[in-house]
Amino acid sequence: MRWRLLRATIILATYAFQYQADGQTPDSPVDSSGCLSCHTGIEPIRDPESGMMRQIVAMGRGLGDPAGCVVRHGGDPAGRTEEDAHAGEGFYPEPGSPWINEFTCEPCHADHVPTQWNSLMMTESGKIQGTAWAFGSLEGYEHRWGNYDAENPEDAAERIGTDSYRAYMENLRSMEPGAFPDAQTTLPQAPTDLSVLADHPERAAFTYHRSECQRCHLAVKGRQKRGDYRGMGCSACHIPYGNEGLYEGSDPTIDRDESGHLLVHSLQSTRETSVTIHGTSYSGIPVETCTTCHDRGKRIGVTFQLLMESAFVSPFTEGGGEQLALHTKHYIAMQMDYHYRMGMMCQDCHTSSDVHGDGFLAGTNLAQIQIECSDCHGTPEYYPWELPLGWGDEFRTPPRTGEPRGVATILSPRDQQGTVHPPEDGYLITARGNPFPDVTRRGNRVIVHTAGGEDLELSPLKLQASDEELDVEARVAMVQIDLHMNTMECYACHGTWIPQCYGCHLKIDYSEGKRSFDWVAAGHRHKEPGYAADSGESGYDTHVPGQVSEQRSYMRWEDPALALNGEQRVSPVTPGCQPSVTIVGPNGETIVQNHIFRTADGTEGSGPEGQLGIDHSPGQPHTTGHARSCESCHMSEKALGYGIGGGRLNRPWDQPTVVDLMTVDGEVLPQSARTQIEPTERLEADWSRFVTEEGRQLQTVGHHFSSSRPLNNKERHNMDRQGLCLSCHQEIPKESLAVSLLHHVAKFADALPKTNEEHAGLVNKILLFSAWGQAGGAVVTPLVIIVVVVWFLVHRRRGGRAAIARESSTEDTLEGQG
């Protein structure tokens, strides 16, 4: 990493010396020769007055191109025809591509480009492990496969971040080595000898991986469908593409009717980087750029936007057409995430290490993401800067304690390449020890400097608590019941909805020469001579046998179930990979039908037979809003993991359903009757039910960390408040004389509670009366006993004295008579 930075510094210094020696300045007028003689009117990649564009122009002059185009695109600026100007392997139509960006982007961004090969956006190892898990836990809890061979640097000091961050991550690696691998190898090949599938149907997983799951990684341009158009490598995020993939700039050489093009020829990045389209300017990276990839799996991109996937094509368009497909799916509109409504983009929470990586491998999102909600919001007891490092990021450990993390006053060189905001009272620090470059402290408040140009003022929870701004629900949940704060993810309550696609009915059809495009092989094709500079995979013959199609059993979005994630905090869970697999062989024969694979022996609460390889996956919904109601957790069978309606609403999925003319006792009469719903092998309970009331686990719960699990018996019993109404109503109105008397008096006085508020007031009154009664009894009873005892002793003593006095008086009288 350091030699790359040195190389970049030398290159920049050389060009700077060259244009200064020639008496040129980087802001000198750019003539229209060379590239611009054809690309007249094309948008400048950055504002001509920006420091970046000045450097590009200066470097371009050193290469004989006063416009600077060759710095990123290569080619021959002296060429007067397209063939001459674009000739040779040194021309880069997609300069952000990871296969050539060491020449185009790295000279200035030496801390960003090299880390791409170990980042999750490149390896996709979490996605690979998840699918492999569903086909029989082929990797176990390890994350040893990626899209390409990769390994960590030998020196831990090469990890990009502060010393505190590096120490924290080394400790985390030691605790969870499966999620922080030292090296990864390329995902195994899809089967081409299809005869192996009869004995090893799990090998079909690699067809599924390569043709469907891996098309989003940065080293390929990906599927060219509406909503999926994007660049490669750096350009995947930093170049704007519209959903239609059409160019709307001013370059006359780009076909405006052909899809697959960038929207305009400009970079999008931080607040200082402005993009103008049709007279409207914006800064930052729009959320839709992120959703070109983040629309599958946990669907966190489209949910952040407000979109919930639908099985239907309604409502109809003008003329009766279907709703337009986006990412090949259809949607309904939900409530937006609160951060999105406030104008925040993905990058306003997620740091550079979250998205670019830190140079070391991570097997899953939870391993690479370094932020927690409390990093900005704190807790009702502590400001963010008063929390210790690691708070909310515990893995197999109790809530963190220790010295306050404080704030930072300087940023890393990597972060300084973006917009640098004044630190004010300091930059906030993430749970793992790196500064937030866009989040600062101002007194006891937090300022979020968004990439879109807003400065949002945030009142941390401690300030809200001290100013009595928390409503009663928040005060009860976070202050009076601190167990919530110490054991739960914030989004367990504040994730208002989450996509829940139950049952992934997956068909992999190898018959009649069916085939699919292999996205991993396409990426590797770029490594071959003559392919590195290709701007996409169009025309690549990287196909594998088999065609994949997917269906669902049903969908939901409301009140997700709860379980423990890898950090051992209570988290929402949603169906992760729940495949019921059907494999059709090359001759049309059924190899497996609606088959659910099992995990390894003894995993996920199972015995020697293994667990069903269908998963409920913990995750951050990215649908932040007002917290879900107490009842939605404490009075919900679904929240406990027992399934929708306790799993009682569906007939057993492992039994066929025949619907035809039949007798009252179920005997089917027509001999021509056929099965309406085929059975799903091994699925005795509903897709939504992952634990029984007795605590037997029915599905896997999280597959990246062995510590994720359903709530255990004690946790569920402590949480369960179902049937609470019976505590009162089993005595009302006649089962108890005292209750019956009060009930009839209240009825006569028209004081029976009817509304929710009236019930709540009555219960609160009963609670206070009972509490004061018991407390008073606990205090008054001993006092009464003491008073009685004292009274008795005093009167007994007085009685004794009176008797003595009477005795003495009698003696005196007798003596007087004598």
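The model is predicted. Helix H8 spans residues 163–175. The sheet is open and has 4 strands. The serine is Ser 137, in the loop between helix H7 and strand E1.

**Helix H8**
- H8 has 13 residues, and at 1.5 Å a residue these should span 18 Å.
- The end C-alpha atoms of H8 are 19 Å apart, which agrees with that expectation.
- Buried in H8 are Tyr 165, Arg 166, Tyr 168, Met 169, Leu 172 and Arg 173.
- Asp 163, Ala 167 and Ser 174 are exposed, on the face of H8 turned away from its buried side.

**The open sheet**
- The strand order is E16-E17-E20-E23, with mixed pairing.
- Strand E16 (561–564) and strand E23 (700–701) are the edge strands, and each pairs on one side only.
- E16 pairs with strand E17 (residues 570–575) in the antiparallel sense, over 4 bridges.
- Val 570 in E17 is the bridge partner of Leu 564.

**Ser 137**
- The loop holding Ser 137 runs between H7 (125–134) and E1 (145–146).
- Ser 137 has 9% relative accessibility and therefore counts as buried, the cut-off being under 20%.
- A polar atom of the Ser 137 side chain lies 2.9 Å from the backbone nitrogen of Ala 600.
- Leaving out residues up to four places away in sequence, Ser 137 touches Ala 132, Arg 598, Thr 599 and Ala 600.

Key:
Residues numbered from 1 in each chain as written. Predicted model: local features only at pLDDT ≥ 70, side-chain atom pairs only at ≥ 80, totals over all residues. Heavy atoms only, no water. Helix = DSSP H or I, 4+ residues; strand = E, 2+ residues; numbered from the N terminus. Expected span 1.5 Å × (residues − 1). Buried < 20%, exposed > 50% of the residue type's maximum accessible area, 1.4 Å probe, protein only. Pairing = 2+ DSSP bridges. Polar contact = N/O pair within 3.5 Å; in protein donor to acceptor, adjacent residues only side chain to side chain. Contact = heavy atoms within 4.5 Å.
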